[in-house]
Amino acid sequence: MALTREQMAQRVAQELKDGFYVNLGIGIPTLVANYVPEGIDVMLQSENGLLGMGRFPTEEEVDPDMINAGKQTVTARPGAAIFDSAESFAMIRGGHVDLTVLGAFEVDQEGNIASWMVPGKLIKGMGGAMDLVAGAENIICTMTHASKHGESKLLEKCTLPLTGAGCINRVLTDLAYLEIENGAFILKERAPGVSVEEIVEKTAGKLIVPDHVPEMTFD
């Protein structure tokens, strides 16, 4: 079975480490805020100017002025700071983010990412992803493995306009967790119940499959 959006967020949350400053992109990445493991302290950053983002609010907690970069209402944890976008992007561009979690339309075997534009469709804006991929070294890209038409999103070469070049080294899809090294995807884990054969079939880029590929585990 392919992972749900919530399970993808749970798997990404396993990569969080105590003391990390983490930027969460729009979409699936924002859900990671709900699954921070107990016993570790992380500061979640939203590029619109919130450091110390908490979980999503209950109805009683909703504050329409407290939003993340995706315009969703959020909470602030104790010790949070609110500042302008110039300060926020100075933090990003200065390399002060320990982990970035981004969504994408396509990723290729060279670590290129396309995430901001589909030609012919409405573009809301470039967003902060270009700054994030340029200013961060530790990036996890979350996406579905294939389109709704069954076409692979893990490619030999991206077909859409790039957000960044050679900047992605880890990808989590609804089918698998992969790393990118030396011009190839390396299959590290598979979603529970998903076969290696299905992952191979739906990966258009060069894929290296180890002898043993464990299933992901969730607490």
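Two strands pair if DSSP finds at least two bridges between them. The structure is a predicted model, in which local features need pLDDT of at least 70 and side-chain atom pairs count only at pLDDT 80 or more, while totals for chains, interfaces and linings use all residues. Residues are numbered from 1 along each chain as its sequence is written, and side-chain values use heavy atoms, with hydrogens and water left out.

**The chain as a whole**

- The protein chain holds four helices and 13 strands; helices (H or I, at least four residues) and strands (E, at least two) are DSSP runs, numbered from the N terminus.
- A compact globule of 219 residues would have a radius of gyration near 17 Å, and the protein chain agrees with this because its value is 17 Å. The radius is taken over C-alpha atoms, and the globule rule is 2.2 Å times the number of residues to the power 0.38.
- The C-alpha trace spans about 45 × 40 × 30 Å along its principal axes.
- Of the 219 residues in the protein chain, 47% are buried. Buried means under 20% relative accessible area, exposed means over 50%, and partly exposed lies in between (1.4 Å probe, protein chains only).
- The accessible surface of the protein chain is about 11,100 Å², and 50% of it belongs to carbon and sulfur atoms. Such areas come from the Shrake-Rupley method with a 1.4 Å probe; for residues, only the protein chains shown count as cover.
- Among contacts (heavy atoms within 4.5 Å) between residues at least 6 apart in sequence, 62% join residues at least 24 apart.

- Strands of a sheet pair through backbone hydrogen bonds, either parallel or antiparallel.
- Strand β1 (residues 21-24) pairs with strand β2 (residues 43-46) in the parallel sense over three bridges, and Val22 stands opposite Leu44 in β2.
- β1 also pairs with β5 in the parallel sense over three bridges; here the bridge partner of Val22 is Leu99 in β5.
- β2 is joined to strand β3 (residues 50-53) by two bridges, and these strands run antiparallel. Ser46 has Leu50 in β3 as its bridge partner.
- The hairpin of β2 and β3 has three residues between the strands, and Gly49 in this hairpin takes a positive phi near 120°.
- β3 is joined to strand β4 (residues 76-82) by three bridges, also in the antiparallel sense. Leu51 has Ala81 in β4 as its bridge partner.

**The sheet of β7, β6 and β9**

- Three strands form an open sheet in the order β7-β6-β9, with mixed pairing.
- β7 (113-114) and β9 (154-155) stand at the edges with a single partner strand each, so one side of each has no neighbour in the sheet.

- Helix α1 covers residues 5-13, and its buried residues are Met8, Ala9, Arg11, Val12 and Ala13.
- These buried residues pack against β5 (99-103), β8 (139-143), β10 (170-173), β11 (176-181) and β12 (184-190).
- The charged end of Arg11 sits over the ring of Tyr177, 4.7 Å from its centre. A charge sits over a ring if NZ of Lys or CZ of Arg is within 6 Å of the ring centre and within 35 degrees of the ring normal.
- Thr100 lies in strand β5 and counts as buried because its relative accessibility is 0%.
- Not counting residues up to four places away in sequence, Thr100 touches Asn23, Leu132, Ala136, Asn138, Ile139 and Ile140.

**Exposed loop residues**

- Glu151 is found in the loop between β8 and β9 and is exposed, with a relative accessible area of 52%.
- Leaving aside neighbours within four places in sequence, Glu151 is in contact with His145 and Ala146.
- The C-alpha atoms of Glu151 and Met130 are separated by 25 Å, and the two residues are 21 residues apart along the chain.
- Asn182 is found in the loop between β11 and β12 and is exposed, with a relative accessible area of 79%.
- Asn182 has a positive phi of about 50° although it is not a glycine.
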